[in-house]
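Hi everyone, thanks for coming. Have a look at the structure on the screen, and I'll walk you through a few spots in it.

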Amino acid sequence: MSKYFISAGIELKDGASLQEAESGLRLLAEQTQSEPGCLLFEIRQNLKEPGKFTLWECWTDRQALADHFEADHTRAYLARDLTEVAYIEELGEIGQLTSKSAA
């Protein structure tokens, strides 16, 4: 089975409620974990800067992640406009790039 890993950083938008973001992100994580194609979806909060969050995600493939953004619960969270994406990283196994280039 192929796997598609990403890490993303999101930050509270100016003027948004931290409590609303926290409860919304908890619900989003809970609902996302039962989506087809979702192997891992965790959200962690920065202990020194509570308005910053890191998402750790593993999907069966890129299409599963694309489908996640079409899910009703994802659209509902995004419509609340509480956080914004600071970065997205596509991740792979250690040595994945070097082993492909050596082949």
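Let's start with H68: leaving aside neighbours within four places in sequence, H68 is in contact with L28, T32, E35, F41, W59 and T74. Contact here means heavy atoms within 4.5 Å. H68 is found in helix α2; helices (H or I, at least four residues) and strands (E, at least two) are DSSP runs, numbered from the N terminus. Is H68 buried or exposed? H68 counts as buried, because its relative accessibility is 3%. The cut-offs are under 20% relative accessible area for buried, over 50% for exposed and partly exposed in between, with a 1.4 Å probe and protein chains only.

A quick word on where this comes from. This is a predicted model, where local features need pLDDT of at least 70, side-chain atom pairs count only at pLDDT 80 or more, and totals for chains, interfaces and linings use all residues. Residues are numbered from 1 along each chain as its sequence is written, and side-chain values use heavy atoms, with hydrogens and water left out.

F41 lies in strand β2 and W59 in strand β3, so the pair ties together parts 18 residues apart in sequence. F41 is buried at 1% relative accessible area, and W59 is buried at 0%.

Now, pockets. A pocket is an open set of points on a 1 Å grid over the protein atoms alone, where a 1.4 Å probe fits, with protein on both sides within 12 Å along at least five of seven lines; lining residues have an atom within 4 Å of a point.

F41 turns up again in the lining of the second largest pocket, along with E22, R44 and others. β2 gives the most to that lining, 5 residues.

And the largest pocket? Its lining has 20 residues, with I10, L55, F69, L78 and V85 nearest the centre. The largest share of that lining, 4 residues, comes from β4.
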